[in-house]
Amino acid sequence: MRRSPRGGLVVLGLAAAFVGLQTAFLPPLDSVTLQRRAILAALWLPFQAASEARALGETSKAAPLVNFNIGDKGFTEYTVGDTFKVSMPNTFKLLKESPAKVIWQGDRLGPLNRMSAAIKEVPADNLAEALKEEPGISVKELGKRLADKREKEGADFYGVLQLEDRDAYRFEFVTEEMHEYVLYSLLKKDGKNLLCSLNVLAPGLLWTNNNRYITLGKIIDSFKPI
């Protein structure tokens, strides 16, 4: 399992030292990998402290619903599979829309700026089992296991938040390439168990650019079951 960096280091030099400590008892890494991890640590660590503070215990206190008016703030609301609604910035381009999945391109090109929302009918009646994990585990443990199964050798798990007044959870994952929020919610509708997902992401070095992570957080908070 990959481990998240800890601490409040904000200077690249200290971040590099931190990465060195973290890898001291692991097989040697090449200089390019170490430099890349040091840069990512320096850029992200100021925000990690706040992220950990929010993710207390199994889940933190419910994440407050972000209030924004769709029209005034430049967001457009979409309906996914007649099951839930989600709002995207008007600068995001709709790429594909089907009853089961919707894909948008963010304000930059490339797959690391592509958002998606989907629904899937599942036989399970609990979230962990719906995500192919054993029922009864905590959402924090679920997040750790999901992180290990992320593409390209897994991801670091940065915590989980439950959305206010909704049975929906926002998981946060980080790799050397990207930073992402992934929402999962198991809804019951017309006698069916529907696994709903919402994925928003950005290249790691752009996560804080122009408060991008705040915009992505608003997208997650806009999740609204129908």
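**Exercises on a predicted model**

A hairpin joins strand S7 to strand S8 through three residues. The coordinates examined here belong to a predicted model.

**Exercise 1. State how many residues of S7 are buried, and sort them by the direction in which they point.**

Solution. 

Step 1. Apply the cut-off: a residue is buried if its relative accessible area is under 20%. By this criterion, six of the six residues of S7 are buried, and the strand is mostly covered.

Step 2. Sort the side chains. Tyr169, Phe171 and Phe173 point one way from S7, whereas Arg170, Glu172 and Val174 point the other way. Both sets are buried.

**Exercise 2. Identify the buried residues of helix H5, their arrangement about the axis, and the elements that cover them.**

Solution. 

Step 1. List the residues. Helix H5 spans residues 139-148, and its buried residues are Val139, Leu142, Gly143, Leu146 and Ala147.

Step 2. View the helix down its axis. The buried residues of H5 fall within an arc of 135°, and therefore they line one face of the helix.

Step 3. Recall the geometry behind such a pattern. An α-helix has 3.6 residues a turn, so residues three or four places apart point the same way.

Step 4. Find the cover. The elements over the buried residues of H5 include helix H4 (127-130) and strands S6 (156-162), S7 (169-174) and S8 (178-189).

**Exercise 3. Give the strand order of the open three-stranded sheet, and explain which strands stand at its edges.**

Solution. 

Step 1. The strands run S1-S2-S10, with antiparallel pairing.

Step 2. Locate the edges. S1 (75-80) and S10 (224-225) each have a single partner strand, so one side of each lacks a neighbour in the sheet.

Step 3. Inspect the S2-S10 pair. Two bridges join S2 (residues 84-89) to S10; in one of the pairs, Lys85 has Lys224 of S10 as its bridge partner.

Conventions. Residues are numbered from 1 along each chain as its sequence is written. This is a predicted model: local features need pLDDT of at least 70, side-chain atom pairs count only at pLDDT 80 or more; totals for chains, interfaces and linings use all residues. Side-chain values use heavy atoms; hydrogens and water are left out. Two strands pair if DSSP finds at least two bridges between them. Helices (H or I, at least four residues) and strands (E, at least two) are DSSP runs, numbered from the N terminus. Buried means under 20% relative accessible area, exposed over 50%, partly exposed in between (1.4 Å probe, protein chains only). The arc is that of the directions from the helix axis to the C-beta atoms. Contact means heavy atoms within 4.5 Å.
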